[in-house]
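Hi,

Here is the structure I said I'd pass on. Have a look at it first, and my notes on the pockets and one of the strands follow below.

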Amino acid sequence: MDSCCATLKANANPVKLRRGLRNGGTGFWGESMRGSLKRRDLSTQLLKWSKNETSRVAKLKPGVAYSILTSDINRESLTFQAPLFETPKAEPKNVASIILGGGAGTRLFPLTGRRAKPAVPIGGCYRLIDIPMSNCINSGIKKIFILTQFNSFSLNRHLARTYNLGNGVNFGDGFVEVLAATQTPGEAGKKWFQGTADAVRQFIWVFEDAKNKSVEHILILSGDHLYRMDYMDFVQKHIDTNADITVSCVPMDDSRASDYGLMKIDDTGRIIQFAEKPKGPDLKAMQVDTTLLGLSEQDARNNPYIASMGVYVFRTDVLLKLLRWSYPSCNDFGSEIIPSAVREHNVQAYLFNDYWEDIGTIKSLFDANLALTEQPPQFEFCDPKTPFYTSPRFLPPTKVEKCRIVDAIVSHGCFLRECSVQHSIVGVRSRLECGVELKDTMMMGADYYQTESEVASLLAEGKVPIGVGQNTKIRNCIIDKNAKIGRNVVIANGDGVEEADRPNEGFYIRSGITVIQKNATIKDGTVV
């Protein structure tokens, strides 16, 4: 008796079967299967065959099922598989990210006077660009583009020092490429980036390049947010819902809702309405029942809006079609592309229910930094599984002499002498002299050291060295890099001024926060 063996394998494509069922029979796999089947007890035949063929079965691979089909065919192996029902798994190699770092950052002025917004320091030793870069690396995404335009020198230098993947050695298909705004032939090529979408459009040829053909999904990220996120979870949701575009969102309260793009969703998570920074009645119209997102009734009452994080994932073909053909004159993702695409495409919402902060203003930067010092903090840079990366500076440990430090972060390479630091951030290479009191202050530190002899020489000449001089009292302040603050200075904004521009005196006041300019000199005895 000859036989047919059928090998059952998972994750293989179904094949057309030409023998097995009665003439004209239709199988589960969708193919018409023909052949002859004599009426007989298959169980008996299988048992008889198995006794006679014990030695032959022993030689076959395990996991093979045998059945007797006819007596007039030779034994043959047929490979087939049940149809797939689960969605494909997101693969980092098929994802590229675009980090938008070209904005002017006017709301962060004067900190953006000489640097791009993503290059603004945060947390004592990091820069804002380190957040999306580290999230990409921790998510396994190694195809990264950064779009730059304004004041990009310090940003480019930081990226080159920190994320030089490979350093001349083959890094597989991973790369970090800076795409700087440039002028090209033609009338349209003479314009700088007109918005987030236009910035991507001007480099659309890069994403059509041969080496990027395997990229199926493109992440659009902002360079001025503080959060920790596994982007592959985000992309997986995008794939699971068969979305053209997926927008990451957070619940939002009344006080800040008008600063963000707001959306309404249906029961499946599909976005049915999107409004960018609505005001007045338009804002109230965007209120939704956020219990749909899994919030408790109390949290839903406190956060009646769904706000866009400005973090998107597009199917590559959809993104290129939207920018080149559907909306060639639209320049911004949040205010133009997304609201228009909602009508014609499957645009899904992805709830990010964790810490997230938009560092778009002086106050938000100040508050987010000081929040890092709280116990317990809402956000921490230190996490052994998902660390945040920054430029390796190879600085010595901080030296502390008879200081009082409470709820503070002191970065590396600092010198603190008999001073008080409370609820403050002290950046790299900072120098605080005897009697200094720092409270509710973000000090960014310095780019270089001055030797003890240089400091002594400057003091002897009546000049001010980098750092904070003796008996100086500072509160509610941001001190930019390389600032020189003299002795017996008081910076407290005692008059409660909300806004002021004093560039000739080395400072600005924004939202009641005093901002000492980069490289500024505050002379001995000054009161701000």
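**Pockets and a buried strand**

About 640 Å³ of space lies in the second largest pocket. Keep in mind that this is a predicted model. The lining of that second largest pocket has 27 residues, and Met252, Arg256, Tyr260, Trp356 and Glu357 are the ones nearest its centre. Strand 13, strand 18 and helix 12 (362-371) each give two or more residues to this lining, with helix 12 giving the most, five residues. By type, the lining splits into 10 nonpolar, six polar and 11 charged residues.

Now for the largest pocket, which has a volume of about 940 Å³. It is lined by 38 residues, and closest to its centre are Lys117, Thr196, Ser222, Asp224 and Asp332. Here the lining divides into 13 nonpolar, 17 polar and eight charged residues. Elements supplying at least two lining residues include strand 6 (95-101), helix 5 (196-202) and helix 11 (333-341), but the largest share, four residues, comes from strand 16.

That strand deserves a look of its own. Nine of the 11 residues in strand 16 (residues 305-315) are buried, so the rest of the structure largely encloses it. Strand 13 (residues 245-252) runs antiparallel to strand 16 and is joined to it by seven bridges; one of the pairings is Ile245 with Phe314. Strand 11 (residues 217-222) is also antiparallel to strand 16, with four bridges between them, and there Leu219 has Val313 as its bridge partner.

Cheers

Technical notes
Residues are numbered from 1 along each chain as its sequence is written. This is a predicted model: local features need pLDDT of at least 70, side-chain atom pairs count only at pLDDT 80 or more; totals for chains, interfaces and linings use all residues. Side-chain values use heavy atoms; hydrogens and water are left out. Buried means under 20% relative accessible area, exposed over 50%, partly exposed in between (1.4 Å probe, protein chains only). Two strands pair if DSSP finds at least two bridges between them. On a 1 Å grid over the protein atoms alone, a cavity is a set of points where a 1.4 Å probe fits but cannot get out, and a pocket is an open set with protein on both sides within 12 Å along at least five of seven lines; lining residues have an atom within 4 Å of a point. Grid points are joined across faces, edges and corners, and a volume is the space filled by probe spheres set on the points. Ala, Val, Leu, Ile, Met, Phe, Trp, Tyr, Cys and Pro count as nonpolar, Asp, Glu, Lys and Arg as charged, and the others, Gly among them, as polar.
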